[in-house]
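User: I'm new to this one and would like a walk through its sheet and its pockets. Could you show it to me?

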Amino acid sequence: MHTQAVREVSLLIEPILEEMDIELVDVEFLSEGGRWILRIYLDRDGGITLDDCVQVSREIGDLIEVKDLFQQPYVLEVSSPGLNRPLKKEKDFANAVGKNVNIRMVAPVDGRRNFKGKLHSFEDGVLCLAANDDRFLLLYEGVEKANLVYDFENE
């Protein structure tokens, strides 16, 4: 039920964000600390600022309310994706080549679902991940969840 509403929010706000030259990274609707939160992650070249988040919140807050997509009251949060940016779209994985990532698969690959390593390549829907001395080929369509892993020592 929430998945459909999250999809509708994404479709509703993406054109507005594109006009503002801002990328929609992710939309979540979840319960935390006894309240529901609609969390929208944004990014742009050069990074997203607090002023950008405030402006987007003002632009889309009322629009989402008018559509009445959620049955319960919620808090709208607009923020940057942070250092451990989630990887959702194929474009995200292409941009993450050469970086450290965490990937959780829907079904086990070589007996495991969780992988952590350097994304060596992403071509034709196949992720090549280097972890220690092993290489894993993972199908993009089989990814349940993935994010960048910020390396404080090498950045």
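User: In what order do the strands of the open sheet of five strands stand?

Analyst: This is a predicted model, where local features need pLDDT of at least 70, side-chain atom pairs count only at pLDDT 80 or more, and totals for chains, interfaces and linings use all residues. Residues are numbered from 1 along each chain as its sequence is written, and side-chain values use heavy atoms, with hydrogens and water left out. Strands are DSSP runs of E with at least two residues, helices are runs of H or I with at least four, both numbered from the N terminus, and two strands pair if DSSP finds at least two bridges between them. With antiparallel pairing, the order is β7-β6-β5-β4-β8.

User: Which strands stand at the edges of that sheet?

Analyst: Look for strands with a single partner strand: one side of each is left without a neighbour in the sheet. That makes the edge strands β7 (134-139) and β8.

User: How many bridges join β4 to β5?

Analyst: Strand β4 covers residues 100-109 and strand β5 covers 112-123, and they run antiparallel. Opposite pairs include asparagine 102 with lysine 116, and isoleucine 103 with phenylalanine 115. The two strands form a hairpin with two residues between them, and aspartate 110 in the turn has a positive phi of about 55°. The number of bridges joining β4 to β5 is six.

User: What is the volume of the largest pocket?

Analyst: A pocket here is an open set of points on a 1 Å grid over the protein atoms alone, where a 1.4 Å probe fits, with protein on both sides within 12 Å along at least five of seven lines; lining residues have an atom within 4 Å of a point. The largest pocket is lined by 24 residues, with Leu83, Arg85, Lys99, Leu148 and Tyr150 nearest its centre. Points are joined across faces, edges and corners, and a volume is the space filled by probe spheres set on them. For the largest pocket, that gives about 500 Å³.

User: Which element gives the largest share of the lining of the second largest pocket?

Analyst: The second largest pocket has a volume of about 380 Å³. Of its 13 lining residues, Val6, Arg7, Ser10, Asp26 and Val27 are the closest to its centre. Two elements give two or more residues to this lining, α1 (2-19) and β1 (23-32). The largest share, six residues, comes from α1.
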